[in-house]
Each structure stands twice: as C-alpha cells, then as structure tokens.
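Here's a quick briefing to read alongside the model. Have the sequence and the 3D view open as you go.

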Amino acid sequence: MVALASTVCPSPARADYLAYLLDANGAGSEPDAAADLLEWAGPSEDSTLPAILAVAVKAAPPLQQARIDIAVAEAQISETWIRNDYLIKAQVAASKTNGGVIDGFPIDGSKSVSAGVDVVRSLSTGATVDVHAGTQYTDLEASGAASVFASAEWIDSVTASITQPLFKGRGHELFDATESKAVLNRDVTVLANRLAAIQVVQTIVSSYWDLVLAERQVAITQQSLDLARERLRVTQVQAQGGKTAPSEIPAVEQIIATRQEDVLNGELAVLSASIALRRAAGMPIGRGALGLRVASDVDIESATWDLGALTERAYAASPQLAELAKQGASATIDIEVTENGLMPQLDLALQAGPTGQAGGFVNAGKGLVELNQFTVGGSLTFSRSLSQWDVKGRSRELRTAREKIAVTAIDIRAQIADAMATAVSQLELAKRRVTLSQRAIDLANDNIRIETDRFNLGRSTNFDVLNRLEDLRQAQLRKTQAMIDWHKAQVVVTSLTGDLLPMYGIAVE
C-alpha cells in the first residue's frame, strides 16, 4: 500500500483532508496477499511429528536402501556356506586302439571303458576328503602267436583319501575366514542402517522444528499486524474527534503494509519448510500436497547437561566407531589369512580302499566286497616360494590399512566430542537467550504502555509507538528462535548419545 507521506495533496479543509485519507487508505481496502498464496498452494495438511516419522520409516529412500543393503549382506553370508557342501563329480571315459605290438608280437587292438564317481568335502581343519568309487574294463585282442597276451579284465575300486595341510592352509580360522568377513560386513551394513536412520530422523526432526519456527514467526508477525491495525483504528477515531492530527495516520498505514509483506514472506517460509519436511520424510509433493500445519509445545527444559558423561555415551553409541571396529576386525582376518601364506606348503595325503579284479564284472565286484585286495598309501608334498615378495607386500599393505582405520577412529572421536561440546553449549546459550528475550518482551510491553500514554497526552507520535511495537515483535521473534535452537541442539545431543530413535519409538533391524 502506498504511504501517503509521499503523496502530493491540495490543502483542503481539515474535515475534507481526513475524509480523503480514510477513503483512500481505509482498513477495508488492504489487499491480502498471504491469503492469495495459501489459496494457490492449496489446503495445508494437519500432521504431527510421530505421524511424519511413521511415514518416513517406511518411505524414506535412505532407509529403504539400507534395508536392501542388509538383505544383500545376508545373501553374501549364505554364499560362504558352499565350503560345507558336498561336491559330486562323475566321469566316464572310453578308448579303442587298432593294432599294436607287445613283446614283438603284433596284436589286433585294445578297448578300454572306465567310470567313476567322487564325493568331495572340505573339513574345518583345511583338509579335503574324497571318496572315489570306480570301475574299469580292459579288453586286449590278439590272435596267432600273440594270443597268449589276449585278456579281458574288470577292475573295481573304492578309495577314501584325505589331504591335510600341515602348515599353510591349516586351521578352522582360515576355513571360516570368508564367512567371518561376510558376517562382519553384514554387521557394518546394519550399523550403517542405524546411522542412516539416525540421520534421517535427525533431519526430519530438525526440519519439523524449522516448520514450527516458521509458523510461530508468522503468528508473531500477524499479531504485530493486528496491533498495528488496532493502532490505525484508534488513530482514525482520534483524528475524527480532532484529538490527533490526521498526519499520524500514514505512519500506521506504512507499518501495516510492511507487516503484510512480512506475513506474506512468512507464509512462503512456512510453505518452503513444509516442502523440505515432506522431502526429508518421503511424503508426496505435488498439487494439493504442499503445505503442512503442525502444533507443538516449544517450551524448553531447565535440566543441566554433563558434557563429560554425554561424550562418553556418544562414544559408546556411535555407529561410526562401531563400524570402524568391525572394519578393523575384518582387516585382522585378512592379515591372518595373508600371513598364513608365509608358511611352507606341506600336505599329508592318505589313501586307503579295496580293489576287486577279475575277468567278469560280477566276480570283480565280489572280490571288492570280500576285500581280497586292499591298498593303503600316503605321501608328503612340500613346496615353498623362496622370496615371497607378493605375500610380504600384501601383509604390509593390510597392516597399513588397519593403522589407517585406527587413525580414522581417533578423528571420529574428536568429531563426536566437538559436535557434543557445540550442541551442549548451544543448549546452555539458548536457555540464557530465552531468559533475556523474555525480559526484553516484558520491558517492551511496559514501554508500549508508556509510549501510548505519551501519545494520548500529545507528547509522542505514532512513529514512536510503532517502534515500541516493533521492539516487542523482535523480542518475541528472538525468544522463539532461541527456543527452537534449543530443541534442535537437543536433537543433536540425543542423536549422538543414541537416544533419538528410542525417544520416538523407532526400532532399527
């Protein structure tokens, strides 16, 4: 609205001039831009923080992604169970040879058919057990002088063998290393899910308090606008009665126009905060789904905060430090597996089993069952790389990486201590700011009464009264800001100590 202080007017009589002012700038002619904005944005949806968090737990993309990562980690654990499985191998082979010579005598040829089945399983000691069952048929065809060499023979055998590493590759720690690492990786993913949940909830709660702040600021500004309008009404009445000069009216109208603009900007801030909260919680955003309206008690607690105890609790509850501990354990497994490779390879192999040999398949099987022929054998196999540069280099690399994890943990602890100290100091500062702002509000109310009395006595102007009203508004805004800052700092403290999720009844898998 245009302020009449800059309007060029003729010099009518006092009554005409007053009528001109009332007609041109009466209260009924004020545009309501804030109402237009709300009409464009659509109706605001009433909601509460628990309801918003309930939506976020199901719909927030970071939490959905974290749950998928956990499912992947669980599948990776099941992949390692292959080491406990049985491996079945089967082989069939056949060959035929035409002609040949045995001891200088020509033969017609030979035929050979073999079949075998192996069942193989690994043991937790690093050993490999193999049970083999096989049969072989050999037919040597010869005639004339070489007929003495003609034969047809079946050989059936069952052999059980075990190969046990005595140095390199021995032990259940190496056997279970892959699953142990997969479990640690799953644990890291679960901790990452917890961290994501904390971050999502912290963002939502902080955004929620931003929305509360925006709504409170609009309410305070609207209250100031209402006081200015009441001031305009009183001034108009006094001007009509000749008690106040009509020139006092434009000053009030100017502040009304300014407050209307402030209310409009405040409603826009409320809309922006609503959209930000919807985005953080995974709520729909679109036509008819923009604004949110929340109601919350912004009063603060007078409790004291023990920085040392809170910091220790934050260390114990930190998902990041727990993740690093799991990563360090995984690195230790890698080091143990790698350094096992520095040992020489010495494998003990033992075989034992019966053999049946006869001219017919049935007789060969009978000899196998009767244990007419039993074979026992064993061997030691040694191998070693002389320099082993690859293993030694890999070991140094892994140990250095583990040291890096320890250094990172120290840095994370420092970050936690810094964040906790900052949040606690903000809590204490916010309490003092609230106290000082309340004192400023009380003094502003007293000054408004004093300045109004002075105006009624003709010793002050509307400009001075409006300045006192503005002092009250600014003090109320500062108090509200301090209270919201206290709540947001409390969110940081509870997120660091691990109390944030239980506070809102959120359980993380």
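**Starting point: alanine 322**

Alanine 322 sits in helix α9; helices here are DSSP runs of H or I with at least four residues, strands are E runs of at least two, and both are numbered from the N terminus. This is a predicted model, where local features need pLDDT of at least 70, side-chain atom pairs count only at pLDDT 80 or more, and totals for chains, interfaces and linings use all residues. Residues are numbered from 1 along each chain as its sequence is written, and side-chain values use heavy atoms, with hydrogens and water left out.

**The protein overall**

- The protein has 13 helices and 10 strands.
- Of its 509 residues, 37% are buried, meaning under 20% relative accessible area, with exposed being over 50% and partly exposed in between (1.4 Å probe, protein chains only).
- Take the contacts (heavy atoms within 4.5 Å) with a separation of 6 or more: residues 24 or more positions apart account for 78% of them.

**Helix α9**

- Helix α9 covers residues 319-340, so 22 residues, and spans 32 Å from first C-alpha to last, close to the 32 Å expected at 1.5 Å a residue; the expected span is 1.5 Å times one less than the number of residues.
- Alanine 322 is partly exposed, at 27% relative accessible area.
- The C-alpha atoms of alanine 322 and leucine 191 are 7.3 Å apart, although 131 residues separate the two along the chain.
- Buried residues of α9 include Leu321, Leu324, Ala331, Ile333 and Ile335, and also Glu323 and Asp334.
- Among the elements covering the buried residues of α9 are α5 (172-175), α6, α8 (307-317) and α11 (389-456).

**How α4 meets α6**

- Helices α4 (residues 61-79) and α6 (residues 177-240) pack at about 170°, their axes 9 Å apart; axes are lines fitted to C-alpha atoms, for helices over the stretch in contact, and angles run from 0 to 180 degrees between N-to-C directions.
- On the α4 side the contact includes Leu63, Ala66, Ile70 and Ile77, and on the α6 side it includes Val183, Val190, Ala197 and Val200.
- By class, the α4 contact with α6 has 12 nonpolar, four polar and five charged residues; Ala, Val, Leu, Ile, Met, Phe, Trp, Tyr, Cys and Pro count as nonpolar, Asp, Glu, Lys and Arg as charged, and the others, Gly among them, as polar.

- Serine 274 belongs to helix α7 (residues 249-281) and is buried, at 0% relative accessibility.
- Beyond residues up to four places away in sequence, serine 274 touches Leu211, Leu290, Gly291 and Leu292.
- Threonine 355 is in strand β9 (residues 345-358) and is buried at 15%.
- Threonine 355 and leucine 368 are 13 residues apart in sequence, with 5.1 Å between their C-alpha atoms.
- Leaving aside neighbours within four places, contacts of threonine 355 include Ile155, Asp156, Ser157 and Leu368.

- Leucine 371 has a positive phi of about 55°, sits in the loop between α10 (361-369) and β10 (373-383), and is partly exposed at 48%.
- Glutamine 388 also has a positive phi, near 55°, but lies in the loop between β10 and α11 and is buried at 6%.
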